[in-house]
Amino acid sequence: MKIIIVGMGKVGCAIARQLVGEAHNITVVDTGSAALERIGGTLDVMTLTGNGASIRVLVDAGVRDADLVIAVTDSDETNLVCCLIAKKLGARHTVARVRNPEYYADAKLLHREIGLDVVINPDLAAAQEISRILAFPAAFRVEPFARGRVDMIGFPIIDGDEIAGVPLCELTRERRAEVLICAAERSGTFLIPRGDFAPQVGDNIYMVGTEVELQKMLRSIGRKWQRIRTVSVIGGSRIAEYLAAELKKAGVEMHLVEQNGEKCEKLAAKLPQVMIIRGDGADSELLQEENVFASDALVSLTGRDEENLLIAFSAQRSGVGKVLLAGKREGSGE
């Protein structure tokens, strides 16, 4: 396939590496020559300096006979204009990264009116992933399958779990829940368990099922189910906005700490169901005073890795049951 990628940030570079490995014909476009020199020196791609929303630049990139145009700059508007022009000039398929919640809400309209084939939203995907993890406090990993209809969770076997030492064939006969134990990790080695496999303390077990059935299974093996009812979020990022909507659907109360006063006002207008606290998320005294550490879970989304780590350590020392943090995202604007 002939593919044009507009925007050579972290997302664009990652896509280029993946597609080059699949032997596609790739042309990359970016306004920065340094980014193009870096990617051109490591990958077998054609490079073109210019604005991806320019007709001339897209024509020079070969858009008229392109099978796919992927626009992943840090500007939603540039991505949308790029895909609109590309479609008009003959590109078969277009994909745009759209992070603004207002634009993303119009995804169906964008598909119908300008022919945009796919809208990708990393911030929404991150928020949905966080929400899934919070739905299973005992799990260290949650992966969706079948478009979110079922999940695969990974959890460690600990002292007191009723399935420790019990062969899977016996668990199947008991039919505690409609789940499939599909994999296990023991001493760093992954196994596909058979009926005679007996989980041991220290194993990591992976099982697949619906959210209800997975929760039922965890309760049946002796895990005290503690539903997360309150979540504190540090940092008023776009991920936090999307996460607020996801948690509202799950009936979870959210508190948000943000240092920027103007952003606090905007978030308060957008998220009336969320308690907004203005302050420095790295200030442990403030977090203690505002009872942030009294929440069932804490998510740090400041966009600064070091700060996220410090906040996570403070939360764990203060007894927060579930602590999540996000790494720095390119082009976040925060």
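**Helix packing and cysteines**

A: H7 and H10 lie oblique to each other. Keep in mind that this is a predicted model.

Q: At what angle do helix H7 and helix H10 pack, and how far apart are their axes?
A: The angle is about 45°, and the axes are 8 Å apart. H7 covers residues 122-135, and H10 covers residues 238-249.

Q: Is the crossing left-handed or right-handed where H7 passes H10?
A: Right-handed.

Q: Which residues in H7 and H10 meet?
A: From H7, Asp123, Leu124, Ala126, Ala127, Gln128, Ile130, Ser131 and Leu134. From H10, they meet Arg238, Ile239, Tyr242, Leu243, Glu246 and Leu247.

Q: And by class, how many are nonpolar, polar or charged in that contact of H7 with H10?
A: Nine are nonpolar, two are polar and three are charged.

Q: Is Cys83 buried or exposed?
A: Buried, because its relative accessibility is 1%.

Q: What about Cys182, where is the nearest cysteine sulfur?
A: On Cys169, 18 Å away. Cys182 is in no disulfide either.

Q: Why does Cys182 count as partly exposed?
A: Because its relative accessibility is 23%. The cut-off for buried is under 20%.

Definitions and conventions
Residues numbered from 1 in each chain as written. Predicted model: local features only at pLDDT ≥ 70, side-chain atom pairs only at ≥ 80, totals over all residues. Heavy atoms only, no water. Axes fitted to C-alpha atoms, helices over the stretch in contact; angles between N-to-C directions. Helix = DSSP H or I, 4+ residues; strand = E, 2+ residues; numbered from the N terminus. Parallel < 35°, antiparallel > 145°, perpendicular 65-115°, else oblique. Left-handed = near helix turned anticlockwise from the far one by under 90°. Contact = heavy atoms within 4.5 Å. Nonpolar A, V, L, I, M, F, W, Y, C, P; charged D, E, K, R; others polar. Buried < 20%, exposed > 50% of the residue type's maximum accessible area, 1.4 Å probe, protein only. Disulfide = S-S within 2.5 Å.
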